[in-house]
Amino acid sequence: MKIAVISTRYILGGLFILFGLNKFFGFLPLPAPPEAALAFIMAMVNTGFLIPLLGLVYIVSGLLLVANRYVPLALLFLISPIVVINLFHVFL
């Protein structure tokens, strides 16, 4: 069980670091979203601070998970983006 927890923490942390860096550098191609989803994404991009802030939260939380430091705090930071991602896919 301990190995499963550690490996899950590393995988989750690595994924959030990867996708956080993608918010800044855009090296992963995105598929074309539907029109309503594109309008929502463009509204977030046009604010100018939300996407970099989200990337920073992903990177910091991912690093905390990989380093095994303040893991509950890192998971707390990730709750709201995960809920928004799920709601985005449910409704858009």
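The model is predicted, so local features need pLDDT of at least 70 and side-chain atom pairs count only at pLDDT 80 or more, while totals for chains, interfaces and linings use all residues. Residues are numbered from 1 along each chain as its sequence is written, and side-chain values use heavy atoms, with hydrogens and water left out.

**Exercise 1.** Work out which pattern the chain follows along the sequence.

*Solution.* Start by counting elements: there are four helices and zero strands. Here helices (H or I, at least four residues) and strands (E, at least two) are DSSP runs, numbered from the N terminus. Reading along the sequence then gives α-α-α-α. For scale, the C-alpha trace spans about 45 × 25 × 25 Å along its principal axes.

**Exercise 2.** Find the residues that make up the largest nonpolar core.

*Solution.* First, the terms. A nonpolar core is a set of buried Ala, Val, Leu, Ile, Met, Phe, Trp, Tyr and Cys residues joined through side-chain atoms within 4.5 Å. Buried means under 20% relative accessible area, exposed over 50%, partly exposed in between (1.4 Å probe, protein chains only). Of the 92 residues, 22% count as buried. Next, pick out the core: its seven residues are Phe-16, Tyr-58, Leu-64, Leu-65, Val-71, Ala-74 and Leu-78. Finally, look around Leu-78: leaving aside neighbours within four places in sequence, Leu-78 is in contact (heavy atoms within 4.5 Å) with Phe-16, Tyr-58, Ser-61 and Leu-65.

**Exercise 3.** Describe how the axes of α3 and α4 cross, and which residues make the contact.

*Solution.* Take the axes as lines fitted to C-alpha atoms, for helices over the stretch in contact, with angles running from 0 to 180 degrees between N-to-C directions. The two axes come within 9 Å and cross at roughly 140°. That makes α3 oblique to α4, given that angles under 35 degrees count as roughly parallel, over 145 as roughly antiparallel, 65 to 115 as roughly perpendicular and the rest as oblique. Now list the contact: α3 brings Leu-54, Val-57, Tyr-58, Ser-61, Leu-64 and Leu-65, and α4 brings Val-71, Ala-74, Leu-75, Phe-77, Leu-78, Pro-81 and Ile-85.

**Exercise 4.** Decide whether Leu-21 counts as buried, partly exposed or exposed, and place its surroundings.

*Solution.* Locate Leu-21 in helix α1 (residues 2-25). Leu-21 has 32% relative accessibility, so it counts as partly exposed. Not counting residues up to four places away in sequence, Leu-21 touches Gly-26, Phe-27 and Ile-59.
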